[in-house]
Structure formats: C-alpha cells, structure tokens
Amino acid sequence: MEVFEPQQYRSSLTPIWCPGCGLYASNGAVTKALANLKIPKEKAVLISGIGCAGRISGYSDVYAMNVLHGRAIPVATGYKLARPDLTVLAAGGDGDLLSIGAGHLPHAVRRNLDMTVLLCDNRIYALTKGQTSPTSFNRETLTSEVLNNPVDPLLDVLAFMNTIKTGFLAQGLANKSEHLAGLIQEGISYNGFAFISIQFNCVTYNDQQQFNALSKNAFILEEGKEVELPDGRKWVHDPSDYDLAMQLMMVSLAERPFIGVIYRGPKKESHLEATKKIIKEKR
Amino acid sequence: MKKHLVVGIVGTGGDGVMLLGGLLMETVARLGYTASRPQTYESQIRGGGSAVKVNISAEPLLREKDELDVLICFNWREFLKVQNEFLVTENTVVICDEIAPEGQKVKIILFPFTQLAKELLGDARPKNLVIFGYLVKILGLDREVARKIVEETFAGKKYLDNNLKGFDLGRLRSESLLNYGLQLISSKAEPKIVLHGNEAVVRGALKAGCKSFFGYPITPASEIMESMIPRLLKTDGVGFQVEDELSALLTAIGASQAGNKTLVATSGPGFSLMVEGLGLAVQDEIPLVLADVQRAGPATGIPTKTEQGDLALAVYGAHGDAPRVVLAPYDIEGCYRLTIEAFNASEKYQVPVILLSDQLLGQTLFACDDFSKKEYYAENRLPPQESEKGKYRRYKITKDFISPVALPGTEGFTYQTTGLTHNEKGEPASDFQTHQLMHDKRWKKLLPLRERQDLVKIFGNPKAKTGIVTWGSSAQALVSAVLNLGLENKIKIAVPELLFPVPHTALVKFIKETKKLLFVEMNHSGQFYRIVRAWLDLPLPKKTFIYQRSGGKPFSQAELQRCIVEFAFPEVMK
C-alpha cells in the first residue's frame, strides 16, 4: 500500500533560510497537506517567485519551478491550463506577490482556475536585507537603514482579495503549523482559486516583538463559533457568508489578525470552462 | 492584355472601399491569379480615409509596381491625402463620379455610380457593388465567378438582393467604354486561397501541433490571437487573452513547461515587455515560439505601419548572454512554413524561437497556393529513457548539449528548475564552473543551425559578383526591383530566413566571391548589416554598402531601383 509521508515531498537540498525562520514551518505545512491529501509527488506542481519564500520550490521534491520575481501566478496559470490533471500551487513572499506581482492578482481571481496561492508574509524584504514591503508595519522599528516610501499606507491584501471575491480566502500563522496545514489542505481541495496568507516573522530583519504581539492577538475563526469584533459586535462565524467576511476585513491585521477560513465561496465556473461552453454553443 | 495589374481604391470610411477590395481579391483568387492587398488606413476607426491597393498577376510571382493602372476614386479629397502612395500617371484609368481637381493628368471615366445606386436601387450604399460589376467587365474577369462571390459574401443578409442588383447594374453599364487595354490575360492556374501573414502563422502553428496560445491585443498582431484562441478552445487546446504581455509570456512558459507547444504573438511594445520572460525561457531551456509582427517604433511609434526595427531586440533582448533563435519569413508561404520551423527548432533545441514578421506581411492579404496541402515534419522535445527514473537530471550534459525533458506528471522524474544558474540536476549553483558550463551548453546546442543552408534563399544569378542581402518583407520589393530592371543575370540576392544564429555557412558562401555587396533593410540603424558584420568570421568586401531607412512607408520601386542602379552601376548615374 502506498504511503504518503511529509518527508517524501522534501528535496535533498538544505534550505538557505536562517535558523528559526517561519518558512521551515510553512514548508512543513505544505508537505503535510500534500501527504494528508495523498497526492503523489509527481502530480504536484509548486511554482515560486523570488525572495526567501521563493526558495521553497527548490526544497520540494515535486515538479517545481522557481521563476521570476512576481511571476509565479502567471506561470502557474499556464501550467494548470495545460495540465488540469495536476495539483498546482504557487508561492511567493509579500514583495513578490504584492508589489511586483500585484497586477496579476485580480485576473487570477477572475479566472478562478483550480489552484492554490500561498502568500508567505513576513512584512519585509528579507532576501535583499530589510527594505520596506507593502505590508511592513512600523517602519521606524525596521532594523535596516534603508527606508523606502515610509508614508504609504499598508496594502491590506486580504481586504483587497475579499473585495474582488476570491473563492477561497484564508490566513494562517507559521507558528501554528498544524492549523496551517489544515488550511492548505482545504485550499487545495477547494475547486477554484484559493489564496492563503501565511503570517511569519523574519528573525534577521524584522521585529520579533511585533510578530509575537500579532500571534498573541490572533483570533482563530471556526465555523459555528462566536466572533467578537474590536468594536464589540458579535456573531457566529460562517465562511460561506460574504458580508460577514467583508465586515471581518474592515479590521486591520495589526488590530486583530483573523486566522482560519475567512471566506469559502460556492463553486463558480472557471473562465476556461465558461469560454469553452460559449465556443461549443457557437458551433 | 495585361500580365500584371495594380488597382487602387480610395474613399472615406463608409464608402465600402475595404469591401470592394475584398470582393476583387476573392474573385481574382478564385480565378487562379496571384494577388496581394496591403492595407492602408488611419488609426481612427470611423470617419478617416480608407484606401486599398490590389496587385494582380497572371504569373506565380507578383511584381511590385509604384503606379496604379486603375484607380477607383470615391472621394478626391481622400485621394489627395494618399497621392504619394497611390501614384497615378497619364496611363492610369480613373473611375470616379466627381469631377477631378485641376492638374490630374489621368484618363478619367466619369461613372455616376452613387447616383445610379440611389435612383435605381433606392439606396446609395451599394455603389461599391455597382463599381465592382463595372470593374469586372473592364478587367475581363469571369462575371459568373464574380457574381457568385457577391452571393457568398452577402449570403443570408437582407441587402443581398440590392447588392446583386448593384453588381448587375454595373456590369451592364457601358459608360463610353473604350478599349483601355486593361483586360487581364487568363491565369490558367488552380483557384488560390486568400489569407494574410498573421493567419498563415496561425495555420502553421496548428499544423505544428501548437496546443496553447496566450496574448494581449496589439496592432498589427491581434488577428493571430483572435484566430488562434477559438480554434484551440474548439479542440483540446487552450488559449487566453491575458492581462498584459508580460503575463502572456510567463503563462506561456508555464504551459510549455507543463508539456504544451505554445505560441505567443505580439508587436514591438509587447515584445519589450516579454523580454524578461524570454531570459527565463533561455535559462531554463523551455521551448516557446514568439511571433513579433513588427511595426514602426520605438515606444508607441506608428502602430499601423511596417518597419524591421525589432531585430536587435529579438537577437539580444534580455540581460546577460541569452542566445535564442530568430527566424524571419519574407513571403506568405514563409509565414506558414517558418512557423512550423520555429516550433521544430524550439522543441529540438529547447529554446525560445522568435518569428519576426511585420505589419506588411502580417496584414496584407495574399492570394496564393494552399501550402497546407504539403507534408511538413513536426519535431517534439526529447523524452528521457526509462533507465533515468529515480536519477533524472534535467540539464544533463550530452554530446549535442540537448538534455532529455521529462513530462510533468510522470512518476520518478520530478525535478526542479530555477531562474538561478543551476547544475545538471536543476539545483541552484553559484560557482564559476557550473555557470560557464551552462553558458557553453546553451550556446553550443544551437551551433548546428549555423550550417542550415536551406534557410537562406538565393535569387538572381548565384554566380554574379554583385550581391544584395535583404530580409523579411523588404525582399519582395527588392527582388521585384531587380526583375523590373532586368538585372537578374547580373545580380545575386540572398534572403536569409534564419537571422540568428547567423547562417554562417550560407552567408560565407554568398559573400566569399562577392566584389560588391549591398544590404537593404527597413530600419534606421541597419540592424541586420551590423549583426552580420559582428558575427561573420569572414570580413565583408571593401565595397559594402547599406541602404537603411526607417519605416513609415513601404519600399517603392522607384526608390529601390535607383538604389540598385547607383550601387551596381554607379558609372551610369554620373
């Protein structure tokens, strides 16, 4: 009988990540999810961009591609279109997916192909030694001397993704890796475009206290469990409720990080399915 | 009786100029003539002028000519705007219904087509059909065939009847019809197909087994996307209009890596965006075909006019040394055949191949033989042996530097690839030896292409000591000029279809015994001339000249003939 263990999905390379980096746990969560879902490694595809998070494809023994900065999503799109039989994952950091790669996000959501995007968000540009990213918090506390655009407001990616009706939207913490593995499993199983934000810390360039506070403040969303918003409003969490998800997204990450499945929409036709239907009808 | 004939049609948008040109084109094609119909139009969609030329030949080879034999003029004001490209002489027969402005020395036939349409059909709009009927008579074309084409064109439309009436009306009208000697000799050939270069690229790609297409609308390449995508979706292929050209190339990389033969098509501005992805495809040895339908540049340039200015970008575009293959068709058959060659080269050498077409080739309609009836060989990327299972190395160094490629989804062959310099296993590496080795691999695997003599076409007298080198759409005008001058025994012409790696063997053979060499190309800096100079091991003859100018108007016969005579026989000019 075939056995699926997380270790099988690891390549023989030693990661370049710093000791204590949240990417180890994130990588572990991915391999755990694949093992739990019993996906043969040759049927899994992992495409990553550039940055510390971008290295993840090199450490995975699947059909892996490390592509250009910000471009994991278009490459994953082409891959999935050509091979709908394969499980396609795309991964990148907050610079990769939200700065240079941001232009691809709305179109990926609209196309709604069955793939999973993992945003590894440590709120800084780590590989290039500490520049501001679109999600960096208090810039004054960054250890790097380099300050870029200190006055731009934060890019609230989850609010953005929810507004454009991403089919499956979730957030996890790298230091809650079991829970994270579960989220990744759900994202892969979701028949449509899934976007999962993984909050972790850069032990070398970012503020550990900041992350600890984030982690401590996190509220775990569970279907059927009561949610309390900072302004006192309460209701029962239901991931299929889009309006509730919008309300949750009004709260910033710094104020109250919501962990878990934020929104899981009904299955919608992918762009490809819809186009093929129209073409067939025109025949 | 005429062997070659050029008909010009000018009017305002809404006069039916394009339609008339189309009907004429379909008719001569059906009758077996060779023909071409370049497009000339302003960027505005409505209200601007509309002008069309149809070049007809009873011989297989089209002969270019600057002056019109026949001009159909709906509107003299519009004609005056294009009179530099629609040249008339005292031999040109002009069919119009307005009095000509002063100074036009032509043969006028005042044919009140608008009035006739209004009075006898109750509608001015079929006036172009009235002219069509009339034209068919003057040119001596088979009227039953022409009428059938009118029927086919408007089948099922409510104005079919009126249009047929208009055609019959024009046919029967003899408005002081003297013998203008405009009748075409019979073609004696099989009916021809009509298509433009962009469509030929689509058909070539499908023939080669292309399964994916990604693109973004851009003049003058959008036709490729619009034709390709529905055809792929109707079969088991996949095609998308994506959010920008950057994404187009990267999506193509994903699809190709996953196993599909993939095409992207764009023009200069889109190509600039794709350069980033091109580097990745070269580094990771991912097959890909990129069709660039060149237009006048740089930046936004002139979207509707041709130029051959993207060669340097095609050869060198992307940072670092990223060698790739560049092919350039010079005629409609080449647009089809070289697309297949492009896929074959990209699969065999696991490299992106750039197909350099241009607006003139891409959007001119040609009546030509149906080349799809021939057999073409289709190459596929080299698969690994079963014995490599479990120890597969994607970038294994082999004798010819081409590594077998595993198909994703295959058990026991998982591998990684990266934009970083990588070793044979595909793992990131940063040492000099691996870096140099991989550079060697990517360059040396392409070297056999330098021997390809079949991809350099020779015209004229191969033994002549005076030679001309040209490429792309310039070739047809250039060859016509040599033929029109009657110099085909004194001059040899080389038209390389492979531009990079430079087809070394063939060009050395051509240039070795050449005493006088002329390069002709339509870009301001003489890009191919400089690339040949840089890459050819043989020094060019002392008497080497270059005729280089920007796009913005096609090469005229007057311009090229003067250039050729000045070059080949300067003593004549003195």
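Two strands count as paired if DSSP finds at least two bridges between them. Helices (H or I, at least four residues) and strands (E, at least two) are themselves DSSP runs, numbered from the N terminus. With that in hand, strand E18 (residues 466-470) of chain B and strand E21 (residues 516-521) of chain B are joined by five bridges and run parallel. Within that pair, Thr466(B) stands opposite Lys516(B) in E21(B).

Some housekeeping before I go on. This is a predicted model, in which local features need pLDDT of at least 70 and side-chain atom pairs count only at pLDDT 80 or more, while totals for chains, interfaces and linings use all residues. Residues are numbered from 1 along each chain as its sequence is written, chains are lettered from A and ligands numbered from 1 in the order in which they are written, and side-chain values use heavy atoms, with hydrogens and water left out.

Back to the sheet. Which strands make it up, and in what order? The order is E17-E19-E18-E21-E22 in chain B, five strands in an open sheet with mixed pairing. At the edges are E17 and strand E22 (543-548) of chain B, each of which pairs on one side only. From one strand to the next the twist averages 20°. For angles here, axes are lines fitted to C-alpha atoms, for helices over the stretch in contact, and the angles run from 0 to 180 degrees between N-to-C directions.

Helix H16 (residues 504-512) of chain B touches E17, E18, strand E19 (491-496) and E21 of chain B, and its direction makes about 165° with that of E19(B). Helix H17 (residues 527-535) of chain B touches E18, E19, E21 and E22 of chain B, and its direction makes about 135° with that of E21(B).

One residue to look at here is Ile458(B), which lies in strand E17 (residues 456-460) of chain B. Leaving out residues up to four places away in sequence, Ile458(B) touches Ile493(B), Ala494(B) and Phe510(B). Is Ile458(B) buried, partly exposed or exposed? Buried means under 20% relative accessible area, exposed over 50%, and partly exposed in between, with a 1.4 Å probe and protein chains only. At 40%, Ile458(B) is partly exposed.

Chain B has another open sheet, of seven strands in the order E10-E9-E11-E12-E14-E13-E20, also with mixed pairing. Strand E10 (238-241) and strand E20 (498-500) of chain B each have a single partner strand, so one side of each is left without a neighbour in the sheet. Neighbouring strands are turned by 20° against each other on average, direction ignored. Four bridges join strand E9 (residues 212-215) of chain B to E10(B), and the two run parallel. In that pairing, Phe213(B) stands opposite Gly239(B) in E10(B). Helix H10 (residues 268-283) of chain B packs on the sheet, touching strand E11 (262-266), strand E12 (288-294) and strand E14 (352-358) of chain B; its direction makes about 160° with that of E12(B).

Next, a pair of helices. Helix H7 (residues 197-208) of chain B packs against helix H8 (residues 222-234) of chain B at an angle of about 30°, with the axes 8 Å apart. Among the residues that meet are Val201(B) and Leu206(B) in H7(B), and Ile224(B) and Met228(B) in H8(B).

Last, salt bridges. Side chains of opposite charge can pair when their charged atoms come close. A salt bridge is a side-chain nitrogen of Lys or Arg within 4 Å of a carboxyl oxygen of Asp or Glu. How many are there over all chains? The search of the whole structure finds 37.

In chain A, Glu178(A) forms one with Lys32(A), the closest N and O atoms being 2.6 Å apart. Glu178(A) is in helix H6 (residues 177-189) and Lys32(A) in helix H1 (residues 22-36) of chain A, 146 residues apart. Glu178(A) is exposed at 53%, and Lys32(A) is partly exposed at 28%.

In chain B, Lys192(B) bridges to Asp369(B), with the closest N and O atoms 3.5 Å apart. Lys192(B) counts as buried at 14%, whereas Asp369(B) counts as exposed at 51%.

Methods:
Contact means heavy atoms within 4.5 Å.
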